[in-house]
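I have jotted down a few points to go through while you have the model open.

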Amino acid sequence: MSTQENNIVPFWKRLLFSSTLLCRSRGQRTAYIAALTAFSVVANLFFEFKFMDTQYSLTIAVSCLIGVILGPVCGFASCFLGDLLGFLCNSGGYMYLPFVGISMGLSAFFAGLIVSFPLPIKGGLYLKLFAVCALSFSVCSVAINTTAFWWMYAKGVSYWEYFVARFIVKGQLLSCFVNYALIFVFVPTLPKIKPLHIKIV
């Protein structure tokens, strides 16, 4: 889909589907969503581990990739469902935390939404990816996950003490940076993987 064609696509369609899915039949869209939901389940089962209340994983990068490929709403649904199904397959003895699935879904939503809008300047895609990472970190990692874990597990500790402990002492910040680096590496290469037919504006 060209930039000109993308500009005339109704906003509600761009909110649902990526440029990749807009060019596909209903059956192909279903297949993409099903395949990437399964990939999200695999990522939740095998690409993460937890130490106390801190999760180390590649699910931020996976969620953003899914959002870019599927689009904002489909990406959100795929990642939220992937987190839920991953938990049902193997809870690891932990209770289900829906805010983790919401934060993964929002990472996909932000990626799908921001990358879908044309930015016809040199390095435009990298600027959009920087915005995706900034939103994912501030909204998902900090505002949602850190706040929820602090409220649930850090009784008697101030929010900022817990913030420093989680991101610096326990290394969550390094985990985030690894995920963001992978986003910058893999998203620009998606259109080059010919069998996937991924389109990025």
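Predicted model: local features only at pLDDT ≥ 70, side-chain atom pairs only at ≥ 80, totals over all residues.

1. Let's begin with the helix pair. Two packed helices are described by the angle between their axes and the distance between the axes. For helix H9 (residues 159-169) and helix H10 (residues 172-186), the axes come within 4 Å and cross at roughly 55 degrees. H9 and H10 are therefore oblique to each other.

2. Which residues make the contact between H9 and H10? On the H9 side they are Arg 166, Phe 167 and Ile 168, and H10 contributes Gln 172, Leu 173 and Cys 176. Sorted by class, this contact has 4 nonpolar residues, 1 polar and 1 charged.

3. Next, have a look at Ser 103, which sits in helix H7 (residues 98-116). Is Ser 103 buried or exposed? Its relative accessible area is 4%, under the 20% cut-off, so Ser 103 counts as buried.

4. Staying with Ser 103, a polar atom of its side chain lies 2.7 Å from the backbone oxygen of Val 100. Once neighbours within four places in sequence are set aside, Ser 103 is in contact with Cys 140, Ile 144 and Asn 145.

5. Finally, Ser 158 belongs to the loop between helix H8 (124-153) and H9. With a relative accessibility of 35%, Ser 158 is partly exposed. Ser 158 and Leu 127 are 31 residues apart along the chain, and their C-alpha atoms are separated by 34 Å.

Definitions and conventions: Residues numbered from 1 in each chain as written. Heavy atoms only, no water. Axes fitted to C-alpha atoms, helices over the stretch in contact; angles between N-to-C directions. Helix = DSSP H or I, 4+ residues; strand = E, 2+ residues; numbered from the N terminus. Parallel < 35°, antiparallel > 145°, perpendicular 65-115°, else oblique. Contact = heavy atoms within 4.5 Å. Nonpolar A, V, L, I, M, F, W, Y, C, P; charged D, E, K, R; others polar. Buried < 20%, exposed > 50% of the residue type's maximum accessible area, 1.4 Å probe, protein only. Polar contact = N/O pair within 3.5 Å; in protein donor to acceptor, adjacent residues only side chain to side chain.
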